[in-house]
Amino acid sequence: PNLIQSRVEKVVRHYQEEAAALTVFDVLVGNRDRMQNLKASVVTPHIKIFSGFDHADSLFNIEEDPWKSIERLGSDDLIVKFHPFYGYIPFKLLYRWAERIASMEEVYIRECCLFGKTFRAVTAEMQEALAEAIVVRKKLLQAIFDSNEACIMRSS
């Protein structure tokens with residue numbers, strides 16, 4: 001089953017690095033529906049289960065218009081105002097993951113965003129614009145965390 005609110009703190013304690021990495025990733029791509037898309041187990045210490053999936057409410061779906069979504073992604077807007085892990089992860093750990101993503105080579109982002117031709121309703125032009133926006137956002141990631149520390153450090 002999906003993670004329930006009463007287990008969030010325990011899951012974060014058990015999977016602190018994973019939770020921090022996923023939280024920073026969600027801020028990067030504007031994923032606002034994490035709580036519904038998370039599986040984690042703390043009852044099987046010998047088997048680690050921590051999985052975040054489905055980014056339906058991110059990238060092109062932040063706004064109703066995909067171009068407006070791309071525009072927001074290319075800004076320093078926090079986008080993710082509420083996250084199940086906000087308030088449970090030390091800020092230093094989140095910031096370390098933000099630094100790591102910010103220092104990532106741009107080619108990796110482009111490889112993830114560019115299919116090179118229209119795929120479903122996403123044109124090559126939209127893919128290129130998305131890649132540019134995410135490259136800009138990764139450079140702004142530390143500033144996004146700096147200017148939103150109070151929001152990020154409060155419990156949901």
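The structure is a predicted model, in which local features need pLDDT of at least 70 and side-chain atom pairs count only at pLDDT 80 or more, whereas totals for chains, interfaces and linings use all residues. Residues are numbered from 1 along each chain as its sequence is written, and side-chain values use heavy atoms, with hydrogens and water left out. Cys 112 is in no disulfide, the nearest cysteine sulfur, that of Cys 113, lying 6.5 Å away. Cys 112 is exposed at a relative accessible area of 70%, whereas Cys 113 is buried at 16% (buried, under 20%; exposed, over 50%; partly exposed in between; 1.4 Å probe, protein chains only).

A pocket is here an open set of points, on a 1 Å grid over the protein atoms alone, where a 1.4 Å probe fits, with protein on both sides within 12 Å along at least five of seven lines, and lining residues have an atom within 4 Å of a point. The largest pocket holds about 570 Å³ of space, and helix H5 (106-113) is among the elements that give two or more residues to its lining.

The second largest pocket holds about 210 Å³ of space, and its lining includes Pro 1, Arg 7, Val 11 and Lys 39.

Technical notes:
Grid points are joined across faces, edges and corners, and a volume is the space filled by probe spheres set on the points. Helices (H or I, at least four residues) and strands (E, at least two) are DSSP runs, numbered from the N terminus. A disulfide is a pair of cysteine sulfur atoms within 2.5 Å.
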